[in-house]
Amino acid sequence: MKKPRITGGWGAVALALLLGPGLAQAHAGLPETSNVTLRRGHPEDFFVGATFGAVISRDSGQTWRWVCPDAMGYGGWRPESFVWREQGELLAATGNALLRSKDGACSWSAHPGFKDTWVTGLAVHPTDDAVLYAATGRSTAAKNGLFRSDDGGETWRALPLQREGILFSSVRVSTAAPTTLYVSGSDAARMYLFRSDDAGETWEEAPQVFPALVRPFDFVVTATDPVDALGVWARVSAQGATHILHSTDGGRTFTDRSGSGIDDVFVNMDVSADGGTAWVSTYNSFFRSRAGGAFDKLTLPTGNACVTRVGEVIYGCGSPWLHDWSLARSHDEGTTWEPLFSLEDIQGSHQCPAGTPVRELCPSRWPQLAETIGAPLYPDGIPDAGASDAGTSPVDAGGVPPGDAGTSPDGDGPRTPPKSGCAAAPANALLPLLFLLPLWRRGRRREDSRP
């Protein structure tokens, strides 16, 4: 029986030696998980974004299957998070397109309403998941703004927050007062936080100035306080460090809660139900702040961390090359972790009906990924057909209507990937590691099988 190990060891040392100091900081380009979403009202359903597409489970994590990026059609920018509505629809903003799947991740399409702009932020109402907000930020020469949908993302209308020359980067809906919205943005000279207390009809503009920081940039609103509508979190970068900011006056002023900053690339953050605890994940580490105190680095997760709170449980991504799991959960605010799955547990491509992009594209790509991550090629002993014998979507007994065939995002083509971080790692530098990864996974499977 497999015994989950949750501490780093020789794998971390080998990774650092193979990649070197610069690339070890950017190992998120390797096969790893990057975000996790649970379907609203269905805690048995998991959708995990990854550097190689996504992984889905419909049975509380007993089985996991792969959704290949080709079938999702998101181009060079993968989603940082997803929204999984209770009725089954999946949505994600990629920084370019707004992607949708109406049939449980089998078919994907780019929403045509945003073909002339870039969707940089997506947020959902805390109690009514038919209400969604999207922020855009194509270029400073275009008009960008905030848009609202009241039908689960099918149609969108522009809200009064529309500006030329401003790139909007993120939107958050207050969980304490859902009519309160926060939007971050920037132009060539300044960074802004916009707040609305009437669901987006009127807005207060608060330019952000950080005199204690040298050349700050990339100001993004990241979370809201669950009990205080005027409580909001954001982050800003300066001289290679990430600064975690907290406001209790609706974003007019911020306090730097990270001291001299976190020397790593920010992934995401979340806040406890009472607002007293906050977690921050980065490419390499996991941090926690309690009762207004400083952010302390926790032992786990390490490597490509992410954090999502659902009720009293927090879920975290981890690098399987460092501590042998890819997703875990914690019932004690991140002190200890229960592994849920590792990459070698993926059992082939997602089961989808014939004619869907996942069925048509993913099975033929599975053998190469399986070899890389050390997963069994055909865990059931038969070739992966990628679909159930019935030929119907396994999403909902009630029958969610199938979506459009997956297409690549419209517009001016894929945005250029960032010049820093894991995307900047030279491909030839990763070849020795990619060659050894399957051997590491096979070795761990043999060890786990010992009595």
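Colleague: Two strands pair if DSSP finds at least two bridges between them, so in what order do the four strands of the open sheet that contains S9 come?

Modeller: The order is S9-S10-S11-S12, and the pairing is antiparallel. The strands here are DSSP runs of E with at least two residues, while helices are runs of H or I with at least four residues, and both are numbered from the N terminus. This is a predicted model in which local features need pLDDT of at least 70 and side-chain atom pairs count only at pLDDT 80 or more, whereas totals for chains, interfaces and linings use all residues. Residues are numbered from 1 along each chain as its sequence is written, and side-chain values use heavy atoms, with hydrogens and water left out.

Colleague: Changing topic to rings, how many aromatic pairs does a search of the whole structure find?

Modeller: The search finds 17 aromatic pairs. Rings of Phe, Tyr and Trp (its six-membered ring) pair if their centres lie within 6.5 Å, and planes under 30 degrees apart count as stacked, over 60 as edge-to-face and the rest as tilted. Phenylalanine 47 and phenylalanine 82 are edge-to-face, because their planes stand at 70°, with the ring centres 4.8 Å apart.

Colleague: Where do those two phenylalanines lie?

Modeller: Phenylalanine 47 belongs to strand S2 (residues 42-50) and phenylalanine 82 to the loop between helix H2 (69-72) and strand S5 (83-84), so their pairing ties together parts that are 35 residues apart in sequence. Both phenylalanine 47 and phenylalanine 82 are buried, where buried means under 20% relative accessible area, exposed means over 50%, and partly exposed is in between (1.4 Å probe, protein chains only).

Colleague: What about the rings of tryptophan 233 and phenylalanine 295?

Modeller: Their planes are at 80° and their centres 6.1 Å apart, so this pair is edge-to-face. Tryptophan 233 sits in strand S18 (residues 232-238), and phenylalanine 295 in the loop between strand S23 (286-290) and strand S24 (296-297), so the pair ties together parts that are 62 residues apart in sequence. Tryptophan 233 and phenylalanine 295 are buried.

Colleague: I'm looking at S18 now, so over how many bridges do S18 and S19 pair?

Modeller: They pair over seven bridges, in the antiparallel sense. One of the bridge partners in S19 is isoleucine 244, which faces arginine 235 as its partner. These strands belong to an open sheet of four strands in the order S17-S18-S19-S20, with antiparallel pairing, and its edge strands are strand S17 (217-224) and S20, each pairing on one side only.

Colleague: Which peptide bond is cis at proline 301?

Modeller: The cis bond joins leucine 300 and proline 301, with omega at about -10°. Proline 301 is in the loop between S24 and strand S25 (306-310).

Colleague: Last one: how many helices and strands does the protein chain have?

Modeller: The protein chain has five helices and 29 strands. Of its 451 residues, 53% count as buried.

Terms used. Two strands pair if DSSP finds at least two bridges between them.
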